[in-house]
Amino acid sequence: MASSPTVLMRLVASSYAIAQKAGTIVRRVIAEGDLGIVEKTSATDLQTKADRLVQMSICSSLARKFPKLTIIGEEDLPSEEVDQELIEDGQWEEILKQPCPSQYSRIKEEDLVVWVDPLDGTKEYTEGLLDNVTVLIGIAYEGKAIAGIINQPYYNYQNDEKLKLREHRNEAKAGPEAVLGRTIWGVLGLGAFGFQLKEAPAGKHIITTTRSHSNKLVTDCISAMNPDDVLRVGGAGNKIIQLIEGKASAYVFASPGCKKWDTCAPEVILHAVGGKLTDVHGNALQYNKEVKHMNSAGVLATLRNYDYYASRVPESVKKALVP
């Protein structure tokens with residue numbers, strides 16, 4: 001008889017189902033037409049009804065099933081009774097069939113920290129750049145990101161975006177039957193699933209970077225890489241997807257601003273397929289529950305050829321960004 005699934009694989013299987021429900025909520029808020037936008041610290045730091053509902057859904061669903069977890073979400077929300085409609089108690093059975101990597105088989109619930117970004121790319125969401133948006137659930141153990149789930153609610157939508165969006169707005173609701181969206185997941189030592197791995201064109205230096213948080217440090221660092229092309233898009237999850245699908249060769253963000261919930265899940269997916277994500281000094285990011293939330297020394301990530309990019313980070317940039 002097969003042994004029962006480990007805590008980690010049960011958590012990943014539940015997080016997959018929870019992330020899919022989150023994608024449904026994100027689409028529903030758009031379809032209903034009232035985004036409920038609130039400015040947090042600035043005009044580029046926004047929160048919408050989708051951020052609030054999705055965080056309530058993810059955190060409450062996980063806490064009910066795994067009460068000893070530490071869960072850290074981006075949004076500061078008042079504690080209130082959560083609508084039963086937001087709770088997802090299912091799990092993705094396919095994940096439970098996968099073997100748990102032996103180094104994680106004895107992990108206890110209380111040893112895990114979950115980092116949640118309910119809507120990565122909020123600004124783009126409010127501007128209709130819906131393919132930039134992701135929902136991120138990252139799972140860390142002993143300070144290291146070891147499992148991650150990325151839901152892309154509007155995957156496929158850009159193929160015929162104006163028509164699809166028009167149809168979508170006219171639907172009474174965007175339920176689970178929506179053809180849009182996908183969920184990518186990964187566990188270190190097992191692999192990453194839900195997408196087709198593709199490398200960027202050989203010999204090309206295509207950099208993906210911030211769309212709305214640029215500054216002189218960011219542009220100086222990118223210039224030093226001698227890029228053939230620079231893509232400016234929203235969302236950390238979206239940028240890592242560009243790396244694993246061959247649209248970009250490096251994600252370069254030489255600035256504070258990105259937080260642990262932005263990088264935890266995407267880092268796992270990248271590392272599971274042989275890529276690398278660090279700060280601009282080459283340090284691994286830490287995800288234990290006491291750590292500061294800001295990635296104050298920026299982000300440098302590649303699927304291949306990490307050393308080419310790391311060696312070209314200017315000293316002036318390193319001096320300006322203290323870990």
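Select Arg182 and Glu245: both residues are buried, a term that denotes under 20% relative accessible area, with exposed set at over 50% and partly exposed in between (1.4 Å probe, protein chains only). The two form a salt bridge whose closest N and O atoms are 2.8 Å apart; the term requires a side-chain nitrogen of Lys or Arg within 4 Å of a carboxyl oxygen of Asp or Glu. This pair joins distant parts of the chain, 63 residues apart: Arg182 lies in strand β7 (residues 182–187), and Glu245 in the loop between α7 (236–244) and β11 (250–253). Helices (H or I, at least four residues) and strands (E, at least two) are DSSP runs, numbered from the N terminus.

The model is predicted, and local features need pLDDT of at least 70, side-chain atom pairs count only at pLDDT 80 or more, and totals for chains, interfaces and linings use all residues. Residues are numbered from 1 along each chain as its sequence is written, and side-chain values use heavy atoms, with hydrogens and water left out.

Next, select Glu124 and Arg211, which meet in a salt bridge at 2.8 Å, N to O. Glu124 belongs to helix α4 (residues 122–126), while Arg211 sits in the loop between β9 (206–210) and α6 (216–224), 87 residues apart. Glu124 is buried at 3% relative accessibility, whereas Arg211 is partly exposed at 32%.

Lys123 is buried at 17% relative accessibility; Glu127 is partly exposed at 39%.

Finally, display Lys123, Glu124, Glu127 and Arg211 together: a network of salt bridges links them. The structure holds 13 salt bridges.
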